[in-house]
Amino acid sequence: MRGLVIRNTGSWYVVRTDDGQLVDSKIKGNFRLKGIRSTNPVAVGDFVQITVNAEGTAFITEIEDRKNYIIRKASNLSKQSHIIAANVDQAFLIVTVSHPETSTTFIDRFLASAEAYRVPVSLVFNKTDCYDADDLRYMEGMIHLYTTIGYPCHACSALQSTGIGALRESLEKRTTLFSGHSGVGKSTLLNKLIPDLNLRTAEISAAHDTGMHTTTFSEMFSLPGGGYVIDTPGIKGFGTFDFEKEEVAHYFREIFQISADCKYNNCTHTHEPGCAVRRAVEEHLISESRYASYLNMLEDQHETKYRQGY
């Protein structure tokens, strides 16, 4: 039988077959994807073939080719990856400028990885009801920066239901990954977008201003107007996976564009004479935060450089 993986609990997968059945399925211990060392060889959004054995247990036997996926370095095993979701039309990175703060480093790492695997991203600035005047100014600056680069941005408050209508329109008839730190309000947003969903939400930890994990596994939900969202557990860090040093600049749109004017075609934009990128940073044509994120990702080539601080 053919079907779509709609839930991954780590040990079991729920597959919705083409005729609408929900089948709890497992994978055999030796099942591994060709060429990818991953902690989860099957991801939500995968189309798979399943067979049922004599005891009535369903096993995933084959994964169809993916059109794309979002992947990050597994936080516990540096040489392995973790596939967040597969076959998505777009990703929404839910961010907050405080309570908790989402760093530009984290945002840029997510955007670069999505760029590498051909997944369009929109940034959703949530919790606008929590922000003071300084927070709102900072948010407007971030929105200006990322919109200028070419990433659509939304500002909303899940609690006050502001900006939800525009968000809902952007989701219609598409498969969208929701990602971000714990505590940025992914579950609250989804409860607003999908009536009767009733996902569990939790208060922010007052001691550390960080979110508590309420989503413990990835799951796909149907939207009332058509389309799907994939809800994923909050992630602390975003280690990039399988990037060559010379490729990193390709995944920063504005750096790649300006690098055409560098004196040397193998310029790393770190120290070379005649580097158009470093000149653009000095002239504020490339933001310092984006350039810092680029340098930060270059350091990932040293295995020890991946830190939870991301």
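Trainee: Over which ring does the charged end of Arg66 sit?
Mentor: A charge sits over a ring if NZ of Lys or CZ of Arg is within 6 Å of the ring centre and within 35 degrees of the ring normal. This is a predicted model, in which local features need pLDDT of at least 70 and side-chain atom pairs count only at pLDDT 80 or more, while totals for chains, interfaces and linings use all residues. Residues are numbered from 1 along each chain as its sequence is written, and side-chain values use heavy atoms, with hydrogens and water left out. For Arg66, the charged end is 5.5 Å from the centre of the ring it sits over, that of Tyr69.

Trainee: How far is the charged end of Arg253 from the centre of the ring of Tyr151?
Mentor: The cut-offs just given apply here too. The charged end of Arg253 sits over the ring of Tyr151, and its distance from the ring centre is 4.1 Å.

Trainee: Why is the pair of Phe252 and Tyr294 edge-to-face?
Mentor: Rings of Phe, Tyr and Trp (its six-membered ring) pair if their centres lie within 6.5 Å; planes under 30 degrees apart count as stacked, over 60 as edge-to-face and the rest as tilted. By this rule there are 4 aromatic pairs. In the pair of Phe252 and Tyr294, the ring centres are 5.9 Å apart, and the pair is edge-to-face because the planes stand at 80°.

Trainee: How many residues apart in sequence are the parts that this pair ties together?
Mentor: Helices (H or I, at least four residues) and strands (E, at least two) are DSSP runs, numbered from the N terminus. Phe252 lies in the loop between β13 (228-231) and α5, and Tyr294 lies in helix α7, so the parts tied together are 42 residues apart in sequence.

Trainee: Which residues do ring pairs link into a cluster with Phe252?
Mentor: Both Phe252 and Tyr294 are buried, where buried means under 20% relative accessible area, exposed over 50% and partly exposed in between (1.4 Å probe, protein chains only). Among the buried residues of α7 are Tyr291 and Tyr294. The residues linked with Phe252 by ring pairs are Tyr291 and Tyr294.

Trainee: Which residue of β11 stands opposite Gln90?
Mentor: β8 and β11 pair in the parallel sense over 4 bridges. Gln90 points from β8 one way with Phe92 and Ile94. The residue opposite Gln90 in β11 is Thr176.

Trainee: Why is Thr176 buried?
Mentor: Thr176 has contacts (heavy atoms within 4.5 Å) that include Phe92, Leu171 and Tyr228, leaving aside neighbours within four places in sequence. Thr176 counts as buried because its relative accessible area is 0%.

Note on methods. Pairing = 2+ DSSP bridges.
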